[in-house]
Amino acid sequence: MKENFNALVVNKTDSQFLVDVKTLTLEDLSPGDVTVKVAYSSVNYKDGLASIPNGKILDTYPFVPGIDMAGTVVASKDSRFKEGDKIIATSYEIGIKSFGGFSEYARLKGDWIVPLPDGLSLIEAMAFGTAGFTAALSIQRLQDNGINPDKGEVLVTGATGGVGSLAVSILSKLGYYVVASTGKESEYDYLKSIGANEVISREEVNYEKIPALGKQRWAGAVDPVGGNTLASILSNCKYGASVAVSGLTGGPKVPTTVFPFILRGINLLGIDSAYCPMNIRKPLWNRMANEMKPETLLSDIGQEITLEELPSTLEKILKGQARGRSIVKL
């Protein structure tokens, strides 16, 4: 292990807020049972919030963000893990209360760690990351509620983002007819290249005036947007449809009625990837390593960046300018 290594550090004082690559030592790391040499991390919306002074994500400074990491165990006090093990760690308190993945080394609780499944490389694991896990969990919940490819069209909103891009690709891999919604006309070709059968504008989903019950179109939906968009989706779902919601980029308030639920039997499925239990998390990562892994995961969806390029990438994700997944090579 290196005595000194690089990490992206955010620091807030009374007079300034700084985001810089700094040199740390192992003594600087958070407490934990397992020390990991980080190979890759990835960029998520929460990481963007951690990189601004009013993000309301961090309680202590200085701090190393990064809610995702994949790497190799270099020291362990946990009998479940030994030196040389390849691992994935996402969510829980990583990058929020415990130093995260934007660092060459990290120290973690063993309870937060998933062994790298066969069929998945470390870089592929971070092309997925929390966003990919959220997309996969959304799709698994749709399947658990009977939404198979024969049911009809499945909508993905915010389709150029991390959750959206991977939802489009995974659904396509599994044989669904995927309709991708985006506010970026310039990205229509990209969405079709990763598996969308059809691309529609944001306005075709997000109605200014939302009817209690509209046209029955969607058999299912993966929605990381929320707000008015979610209300519009619910009013246009088929009888017995399910909608998996995982985000609120469109706002936290959902101006809907009970009618979609009591007259069409719609299921609204809440998706939380942060504290998803291991008895669900580990089998799902195995699915992601096999039948859920898109062919375009690294060629089209994942883009590799350096630690030094992180600050500008974090700005982009907060402005809604990100496409696919940014993988940080440590």
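Visitor: At what angle do helices α2 and α3 pack, and is the pairing oblique or roughly parallel?

Guide: Happy to start there, with the note that this is a predicted model, where local features need pLDDT of at least 70, side-chain atom pairs count only at pLDDT 80 or more, and totals for chains, interfaces and linings use all residues. Residues are numbered from 1 along each chain as its sequence is written, and side-chain values use heavy atoms, leaving out hydrogens and water. Helix α2 (residues 122–144) and α3 have axes 8 Å apart, each axis being a line fitted to C-alpha atoms over the stretch in contact, with angles from 0 to 180 degrees between N-to-C directions. Their angle of about 55° makes α2 oblique to α3, since angles under 35 degrees count as roughly parallel, over 145 as roughly antiparallel, 65 to 115 as roughly perpendicular and the rest as oblique.

Visitor: How many of the 12 residues of α3 are buried?

Guide: Helices here are DSSP runs of H or I with at least four residues, and strands are E runs of at least two, numbered from the N terminus. Buried means under 20% relative accessible area, exposed over 50%, and partly exposed in between, with a 1.4 Å probe and protein chains only. Helix α3 (residues 162–173) has Gly 162, Val 163 and Leu 171 among its buried residues. The helix is mostly covered, and the count is 10 of 12.

Visitor: Is Lys 97 buried or exposed?

Guide: Lys 97 is found in the loop between β5 (86–90) and β6 (105–108). Its relative accessibility is 56%, so Lys 97 counts as exposed.

Visitor: What is the strand order in the open sheet of six strands?

Guide: Two strands pair if DSSP finds at least two bridges between them. The edge strands are β10 (198–201) and β13, each pairing on one side only. With parallel pairing, the order is β10-β9-β8-β11-β12-β13.

Visitor: Which residue of β12 is the bridge partner of Gly 220?

Guide: Strand β11 (residues 218–223) and strand β12 (residues 237–245) pair in the parallel sense over five bridges. In β12, the partner of Gly 220 is Ser 242.

Visitor: And which residue of β13 is the bridge partner of Ser 242?

Guide: β12 also pairs with strand β13 (residues 267–270) in the parallel sense, over four bridges. Val 243 stands opposite Leu 268 in β13. For Ser 242, the bridge partner is Asn 267.

Key:
Expected span 1.5 Å × (residues − 1).
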